[in-house]
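This report concerns aromatic ring pairs and the helix that contributes to them. Please consider the sequence and structure below.

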Amino acid sequence: MLKCGSQETPLENQKIRESQKGNILFQKEVNEFIDNHMDSVTVELLFTHFGMQKKEFYQKFDSYFHQTPGEYIRKKRKEKALSILKSDPNTDKSTLAKQVG
């Protein structure tokens with residue numbers, strides 16, 4: 001089929017859907033990895049885990065999350081710390097630091 005105007009062909013639609021699934025899967029895997037390794041995760045650990053070179057990982061990460069991996073890890077740690085403090089306001093700082101890194 002030929003492309004008319006801005007409409008995609010069925011093959012292009014399929015490629016777009018597969019790409020979107022890949023994006024969602026990557027985001028889900030990154031979040032799961034960070035959540036499961038919150039106390040020790042580093043950017044180096046992330047790109048090594050995903051089998052990518054640092055530059056490639058940074059580019060892919062930025063295109064999906066619109067921030068650097070380091071910024072995202074800090075954000076996730078802050079969210080986790082807030083969640084812990086909301087559930088137990090008396091959590092001491094050293095325990096909190098061990099749990100969120």
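Across the whole structure, 10 aromatic pairs are found; rings of Phe, Tyr and Trp (its six-membered ring) pair if their centres lie within 6.5 Å, with planes under 30 degrees apart counted as stacked, over 60 as edge-to-face and the rest as tilted. Two of these pairs are tabulated.

| Pair | Centre distance | Plane angle | Class |
|---|---|---|---|
| F26 and F65 | 6.5 Å | 55° | tilted |
| F33 and F50 | 6.4 Å | 65° | edge-to-face |

F26 belongs to helix α1 (residues 10–36) and F65 to helix α3, so their pair ties together parts 39 residues apart in sequence. Helices are DSSP runs (H or I, at least four residues), numbered from the N terminus. F33 in helix α1 is linked to F50, in the loop between α2 (43–49) and α3, across 17 residues.

F26 is buried at 5% relative accessibility, and F65 at 11%; buried means under 20% relative accessible area, exposed over 50%, and partly exposed in between (1.4 Å probe, protein chains only). F33 and F50 are buried as well. Ring pairs join F26, F33, F50, F57, F61, Y64, F65 and Y72 into a cluster.

In α3, the buried residues are F57, F61 and F65. They lie on the same side of α3, because their arc around the axis is only 35°, taken from the directions from the helix axis to the C-beta atoms.

The model is predicted: local features need pLDDT of at least 70, side-chain atom pairs count only at pLDDT 80 or more, and totals for chains, interfaces and linings use all residues. Residues are numbered from 1 along each chain as its sequence is written, and side-chain values use heavy atoms, without hydrogens and water.

Technical notes:
Helix = DSSP H or I, 4+ residues; strand = E, 2+ residues; numbered from the N terminus.
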